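Here are my notes on the model, point by point. Please read them with the structure open.

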Amino acid sequence: MSGLAKYILSCGKKVGGSDNVSSIYTDELEKAGAKVEIGNDKGSVHFYDVVVYTDAVQENDFQLMEARELNKIILSRGQLLYEVSRGFKRVIAVSGCHGKTTCTAMLVHIFASAGAKFGAHIGGRDKKFLNSFYSGNDFFITEACEYKKNFLLLKPDIAVVLNSAPDHLECYGSVQNLRQSYKLFAESAEISIVPYGDLKVEGVTFGYEKSAKYYARNVVCKHGFYSFTAYDGDGVLGGVDLNVYGKHNVLNALAAIAAARSAGVPFARIKEGLADFCGVERRFECLGKFKGALCIADYAHHPDEISATLSAIKKINKGKLYVVFQPHTYSRTKNLFKDFVKALSGVNNLMIYRTFAAREYFDDRGSALTLSHSVKRSRYGDCEKDITDFIRAARANDTVLFLGAGDIYEIAKRIINV
């Protein structure tokens with residue numbers, strides 16, 4: 001939402017809104033000229049022509065009800081994103097259960113290195129470009145969220161599907177319905193970028209297989225960072241050096257290469273942009289140290305993401321690993337319960353912290369406590385003191401990993417005094 005608000009502000013429009021708590025996002029918006037009010041009962045829509053809401057907002061929200069009574073123009077976040085995208089000549093939209101923010105940010109660095117005139121909407125905070133960028137209207141690079149089929153509102157010229165792993169099944173009802181929506185999204189574009197062997201869609205493929213249009217060879221890990229040789233069919237494009245942790249980012253980079261090449265960006269600029277990309281906030285972000293132990297925060301809140309992050313951490317961890325995981329929504333935990341148990345079962349020092357409910361009401365079948373009871377050697381945490389007590393045994397050469405998409409990030413920063 002804040003990235004879209006920044007863009008609307010840059011167009012010279014009056015922007016206001018409210019949030020539950022102050023944050024770096026609300027601070028940036030205020031500095032940019034927005035009127036921001038903090039608190040569940042704060043904010044009036046009376047002075048605005050258009051009201052935009054997120055899918056986390058309930059139907060009985062007082063501001064939304066006021067907007068209806070005043071006959072305001074009301075748009076969902078996804079609808080506003082589509083309206084913004086219409087102001088650009090070509091749209092590149094990145095979808096997938098995981099990797100969207102990283103791949104989108106990679107593309108931003110690539111297009112900036114190419115000197116392109118473009119706008120960008122990133123779902124996280126890139127270390128250089130933050131979550132919004134604008135230099136012209138030739139291209140619009142954005143994430144395309146699958147929640148409640150929001151990505152089908154967009155009309156991209158280049159559609160990127162990073163993966164179609166099961167998530168948000170409370171919206172789709174089945175994995176088949178979810179995959180069908182990804183297929184519709186990919187087929188809606190002039191050019192589709194899809195993982196090799198994942199979706200039955202005619203498009204530009206990427207992966208490790210030599211049968212893919214874009215693939216990687218000579219993959220090497222050094223201190224947790226990966227380099228590889230990128231291929232286009234039978235031709236060698238050149239070497240790529242990544243400055244972010246984790247082998248999963250090789251695939252994110254291949255998807256970015258495919259999308260950028262499809263948009264006409266030379267490989268030399270792509271290579272330069274990928275080398276310039278140093279990560280996104282909350283994606284394997286080093287926060288500092290606690291009693292000498294390295295503390296890392298990662299947004300992973302899906303079993304596949306957890307497995308990928310745990311694999312990456314093993315490349316740099318020299319001592320004991322302490323993991324604090326906060327489940328994000330009861331429905332996701334319930335629907336993917338066995339997968340969460342499998343992903344977390346190999347961790348020797350694990351705390352499962354109370355669920356970040358987001359838009360949902362309590363459901364014991366998907367609670368953090370229920371999950372903790374099913375994962376051997378895990379313990380449950382209900383407050384910050386529980387986390388502090390859990391990681392107190394950590395020492396130099398150990399690593400503390402904070403996982404989750406909820407408020408665990410702010411809690412971690414408070415604990416280690418960032």
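1. Start with helix H5 (residues 100–113), which lies across strands E5 (90–95), E6, E8 (139–143) and E14. H5 runs at about 140° to E6. Helices (H or I, at least four residues) and strands (E, at least two) are DSSP runs, numbered from the N terminus. Angles run from 0 to 180 degrees between N-to-C directions, with axes fitted to C-alpha atoms, for helices over the stretch in contact. Contact means heavy atoms within 4.5 Å.

2. This is a predicted model: local features need pLDDT of at least 70, side-chain atom pairs count only at pLDDT 80 or more, and totals for chains, interfaces and linings use all residues. Residues are numbered from 1 along each chain as its sequence is written, and side-chain values use heavy atoms, leaving out hydrogens and water.

3. The sheet is open, with 10 strands in the order E7-E6-E8-E5-E9-E10-E11-E12-E13-E14 and mixed pairing. E7 (130–134) and E14 (235–245) are the edges; each has a single partner strand, so one side of each lacks a neighbour in the sheet. The twist averages 15° from one strand to the next. Two strands pair if DSSP finds at least two bridges between them.

4. E6 (residues 118–126) and E7 run antiparallel, joined by 4 bridges. Gly-119 stands opposite Tyr-134 in E7.

5. Next, the aromatics. Rings of Phe, Tyr and Trp (its six-membered ring) pair if their centres lie within 6.5 Å; planes under 30 degrees apart are stacked, over 60 edge-to-face, the rest tilted. The count comes to 16 aromatic pairs. Tyr-7 and Phe-88 form a tilted one, 6.0 Å centre to centre with 40° between the planes. This pair links distant parts of the chain, 81 residues apart: Tyr-7 is in helix H1 (residues 2–10), Phe-88 in the loop between H4 (77–85) and E5.

6. Is Phe-88 buried or exposed? Phe-88 is buried, at 7% relative accessible area. Tyr-7 is also buried, at 16%. The cut-offs are under 20% for buried and over 50% for exposed, with partly exposed in between (1.4 Å probe, protein chains only).

7. One aromatic cluster is formed by Phe-111, Phe-118, Phe-129, Phe-133 and Phe-139.

8. Finally, Ser-76 in strand E4 (residues 73–76). Ser-76 is buried, at 8% relative accessibility. Ser-76 touches Val-52, Tyr-53 and Leu-153, not counting residues up to four places away in sequence.
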